[in-house]
Amino acid sequence: MSVVPLTEIQLAAERIRPAVLRTALEPSPGLSRLAGVPVHLKMEHRQRIGAFKLRGATNAVLSLASGTRGVVAASTGNHGRALAFAARQAGLTCTICLSRLVPANKIAAIEALGARVHVRGAGQDDAQREADRLAADEGLIGVPPFDHPAIVAGQGTIGLEIVEDLPDVETVIVPLSGGGLIAGVAAAVKALSPRARIVGVSMERGAAMAKSLEAGRPIEVEERPTLADSLGGGIGLANRWTFEAAKRLVDEVLLVTESEIAAGIRHIYREEREVVEGAAAVGVSAILSGRVRPRGPTVVILTGRNIDPALHLRILNGADALEVAV
Ligand SMILES: *Cc1c(COP(=O)(O)O)cnc(C)c1O
């Protein structure tokens, strides 16, 4: 039940096709040399709005009942930006609730898309409570950032494209937070290519899904500032979809440090000439640090590019990772 069927993901692909880019899968000679297997990068940071979250948000908005007036969501930034974009396309009002940990560049981008922004509290949980309150008080429809079948199916369309472009894929390395992305990608990839292994990567500072999988149930972890700000927040104690899906479909979860994330961002800029945010770099960080030993043709998903430019510059200049994170 918890695994979204392949047919739902294929329907989502049809639904969102006019609104999202089909991103490139590009070989990385440098990472292939380092890893000893062919490594390809899924360039999802080049997606419209600068992150893959447009896929899930668009699929969710296009699946809403007619008569919906407006949508509301809590977000670490990219889901809010994606939902604001999708809602505007559909002519719906949009309210995004954010915590004070969300970087200013992401807040400004959401406002620029015409959404109403509420900044509340010191973490994702406070932002979620505000979103729940607005849904109840104003009759808005909540569109959660990950724990919803329409979101999972939308993100899963990335998995369809990966297998289409690289049918013999054996390892897919996926940045992991609430697990909407990994649940969708794993469902699609494993349905089409059952031999493939799915590896999730989170940051050591607040790895909610990793700790929950260890505990055997959704648990809370302290939310702390990190370079991978888009991976912050819990998975929800009442998680209905992504925890079970991750438990069933994810083969390995590993954690990277802040300085490994900084090294990943630097490597991706210098060697691949791509600008990515911390959350998007963790797969490359895991290869560079030797924490993952990929088997066979491998795909690393680069998930987003919405990093504050001044922070990006400081990281390129070798600023100490802890100094930039806090
Ligand atoms: C949301 C996000 C992730 C993690 O996705 P989940 O579905 O929450 O696991 C990874 N990278 C970026 C850039 C994101 O915005």
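**Ground rules**

I number residues from 1 along each chain as its sequence is written. Since the model is predicted, I take local features only at pLDDT of at least 70 and side-chain atom pairs only at pLDDT 80 or more, while totals for chains, interfaces and linings use all residues, and side-chain values use heavy atoms, with hydrogens and water left out.

**Domains**

I looked up how the chain is divided. Domain 1 takes 6-51 + 149-325, and domain 2 takes 54-142; these bounds come from an automatic or database domain assignment. I find 22 Å between the two centres, taken over C-alpha atoms. To the contact (heavy atoms within 4.5 Å), domain 1 gives 32 residues and domain 2 gives 22 residues. Between them the domains bury about 2,100 Å², with 56% of this on carbon and sulfur atoms. I read buried area as the accessible area (1.4 Å probe) that two parts lose on being put together, summed over both.

**Helix α3**

How many residues of helix α3 are buried? I count as buried anything under 20% relative accessible area, as exposed anything over 50%, and as partly exposed what lies in between (1.4 Å probe, protein chains only). Helices (H or I, at least four residues) and strands (E, at least two) are DSSP runs, numbered from the N terminus. Helix α3 spans residues 53-62, and nine of its ten residues are buried, so the rest of the structure largely encloses it. Lys53, Arg55 and Asn59 are among the buried ones. The cover over the buried residues of α3 includes α1 (6-16), β2 (39-43), α4 (78-90) and α7 (149-165).

**The sheet β5-β4-β3-β6**

I traced an open sheet of four strands in the order β5-β4-β3-β6, with parallel pairing. Strands count as paired if DSSP finds at least two bridges between them. The edges are β5 (116-119) and β6 (141-142), each pairing on one side only. Further in, β3 (residues 70-74) pairs with β4 (residues 93-98) over five bridges, in the parallel sense. Valine 71 has cysteine 94 of β4 as its bridge partner. Helix α6 (residues 124-138) packs on this sheet and touches β3, β4 and β5, its direction making about 160° with that of β3. For such angles, axes are lines fitted to C-alpha atoms, for helices over the stretch in contact, and values run from 0 to 180 degrees between N-to-C directions.

I compared my entries for alanine 127 and glutamate 138. Alanine 127 lies in α6 and counts as buried because its relative accessibility is 0%. Setting aside neighbours within four places in sequence, I find alanine 127 in contact with Ala74, Cys97, Leu98, Ser99 and Arg120. Serine 75 is 52 residues from alanine 127 along the chain, yet their C-alpha atoms are separated by 7.4 Å.

Glutamate 138 also lies in α6. Its relative accessibility is 31%, so glutamate 138 is partly exposed. With neighbours within four places again left aside, glutamate 138 is in contact with Arg69 and Arg116. Proline 309 lies 171 residues from glutamate 138 in sequence and 36 Å away in space, C-alpha to C-alpha.

**Cysteines**

I searched for disulfides (pairs of cysteine sulfur atoms within 2.5 Å) and found zero. Cysteine 94 counts as buried because its relative accessibility is 7%, and cysteine 97 is buried at 0%.

**Strands β7 and β8**

I next noted β7 (residues 171-175), which runs parallel to β8 and is joined to β8 by five bridges. Threonine 171 has arginine 197 in β8 as its bridge partner. Six of the seven residues of β8 (residues 197-203) are buried, leaving the strand mostly covered.

**Positive phi**

Which residue in the loop between β2 and α3 did I note? Isoleucine 49 sits there, with a positive phi of about 70° although it is not a glycine. Isoleucine 49 is buried, with a relative accessible area of 12%. Arginine 273, another non-glycine, has a positive phi near 60° and sits in the loop between α11 (258-272) and α12 (278-288). Arginine 273 is exposed, at 60% relative accessible area.
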